[in-house]
Amino acid sequence: MPVSALGFGAATLGNLFREVSDEAAHAAVDAAWAAGVRYFDTAPHYGLGLSERRLGEALRGRPRDSYTLSTKVGRLLLPGGTGGMDSGFAVPADQHRVWDFSADGVRRSIEDSLTRLGLDRIDVVYLHDADECGDDGAQALSEAYPALERLRAEGVVGAIGAGMNQVAPLERYVTETDADVVLCAGRYSLLDQRAGLSLLPEALRRGRSVVVGGVFNSGLLADPQPGATYDYKAAPVDLLGRALRIKKIAESHGVPLRAAALDFPFRHPAVASVLVGMRSAAEAADAAAMLAVEVPDELWDELREEGLMTL
């Protein structure tokens with residue numbers, strides 16, 4: 001599947017943390033498209049299906065062969081919620097999520113996603129957060145993954161893989177399966193380079209692609225200041241200080257911190273695309289502008305000398 005270097009992470013379209021209007025969501029996709037983005041990633045989990053519905057609406061009028069779309073399986077959305085608002089997404093909790101990595105669950109999830117998206121196919125399907133479902137991902141590996149292989153063989157989906165926040169489970173999919181791609185969130189950034197130790201080298205050796213998400217570590221590397229978040233929680237003081245030191249060095253080379261954070265993953269040849277959350281046209285334009293900034297090798301050299309980068 002062809003992907004653009006900059007990918008659109010559509011959790012924001014599901015009202016991640018705060019509400020985004022339909023108009024702003026559509027404008028974000030339009031601006032990303034105008035900037036050359038041709039890879040869009042979503043999931044049923046994001047806003048209880050809101051992200052898929054909005055993304056499908058925004059892409060529906062565009063030639064289907066001109067972009068690549070990925071979504072995820074592992075959580076089914078069922079009627080009946082707790083009332084009030086959903087946890088983590090500013091949407092009414094009128095549905096509830098159920099973990100399901102069975103073969104039937106995979107097929108049902110894809111059918112439901114196609115309905116919400118209103119599109120004719122899904123290009124890439126990831127097993128979503130299989131390490132968090134309570135059985136250490138055993139069912140995902142033994143039932144869900146083989147189901148995805150069958151769907152790939154049938155031509156229902158184009159590429160398959162797994163998307164998680166942890167490195168070790170992703171390594172299993174690279175070394176033990178015929179997955180095409182893994183999505184590694186938050187573990188290959190200027191603040192956390194664990195994926196570079198073995199996951200990325202092994203993926204490169206086996207000809208697998210890696211998509212990197214969370215390059216800003218949920219906010220700290222976008223704007224390091226008191227109150228900034230790291231992995232969706234308040235950033236520890238030591239990490240805030242580290243981010244500020246990186247920012248100072250980057251700016252001494254004429255490079256905004258956001259540009260350095262976006263550029264960093266592409267220093268490894270296994271990385272095919274970097275996903276960035278965009279909740280407005282301005283954020284989409286900014287992400288494209290930051291990716292276009294030329295980052296000198298001297299910046300990386302200084303970060304290593306200061307012990308701020310290990311790879």
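The legends below walk through several close-up views of one predicted model.

Because this is a predicted model, local features need pLDDT of at least 70 and side-chain atom pairs count only at pLDDT 80 or more, while totals for chains, interfaces and linings use all residues. Residues are numbered from 1 along each chain as its sequence is written, and side-chain values use heavy atoms, with hydrogens and water left out.

**View 1. The largest nonpolar core has 91 residues.** A nonpolar core is a set of buried Ala, Val, Leu, Ile, Met, Phe, Trp, Tyr and Cys residues joined through side-chain atoms within 4.5 Å. Buried means under 20% relative accessible area, exposed means over 50%, and partly exposed is in between (1.4 Å probe, protein chains only). Which members touch the most other members of this core? They are F8, F40, L127, Y173 and L190. Helix α4 (residues 138-154) gives the most to this core, with seven residues. Helices (H or I, at least four residues) and strands (E, at least two) are DSSP runs, numbered from the N terminus. As background, nonpolar side chains tend to be buried together in soluble globular proteins.

**View 2. Here we look at the contacts of L190.** Contact means heavy atoms within 4.5 Å. With neighbours within four places in sequence left aside, L190 is in contact with L221, I246, L257, A260, A261, F264, W300, L303, L308 and M309.

**View 3. Helix α1 covers residues 22-34.** How far apart are the end C-alpha atoms of helix α1? They are 18 Å apart, which agrees with the 18 Å that its 13 residues should span at 1.5 Å a residue. The expected span is 1.5 Å times one less than the number of residues in the helix. In α1, the buried residues are A25, A28, V29, A31, A32 and W33. Their cover includes β1 (6-9), β2 (39-41), α2 (50-59) and α9 (281-292). After α1 comes G36, which has a positive phi near 100 degrees.

**View 4. Helix α5 (residues 167-176) packs with helix α6 (residues 199-206).** Two packed helices are described by the angle between their axes and the distance between the axes. For α5 and α6, the angle is about 10 degrees and the axes are 10 Å apart. That angle makes α5 roughly parallel to α6. Axes are lines fitted to C-alpha atoms, for helices over the stretch in contact, and angles run from 0 to 180 degrees between N-to-C directions. Angles under 35 degrees count as roughly parallel, over 145 as roughly antiparallel, 65 to 115 as roughly perpendicular and the rest as oblique. From α5, V167, L170, E171, V174 and T175 meet L199, E202, A203 and R206 from α6. By class, this contact has five nonpolar, one polar and three charged residues. Ala, Val, Leu, Ile, Met, Phe, Trp, Tyr, Cys and Pro count as nonpolar, Asp, Glu, Lys and Arg as charged, and the others, Gly among them, as polar.

**View 5. F17 and D231 each have a positive phi without being glycine.** Most residues other than glycine have a negative phi. F17 sits in the loop between β1 and α1, and its phi is near 70 degrees. D231 lies in the loop between β10 (229-230) and β11 (233-234), with a phi of about 50 degrees. Is D231 buried or partly exposed? D231 counts as partly exposed, because its relative accessibility is 28%.

**View 6. R64 is found in the loop between α2 and β3 (68-73).** R64 counts as buried, because its relative accessibility is 13%. Leaving aside neighbours within four places in sequence, R64 is in contact with L69, D120, R121, I122 and D123.

**View 7. S113 belongs to helix α3 (residues 103-117).** With a relative accessible area of 0%, S113 is buried. Neighbours within four places in sequence aside, S113 is in contact with P44, E52, T71 and I122.

**View 8. D192 lies in the loop between β8 (181-185) and α6.** At 6% relative accessibility, D192 counts as buried. Not counting residues up to four places away in sequence, D192 touches G186, R187 and Y230. The C-alpha atoms of D192 and T310 are separated by 9.4 Å, although these residues are 118 residues apart along the chain.
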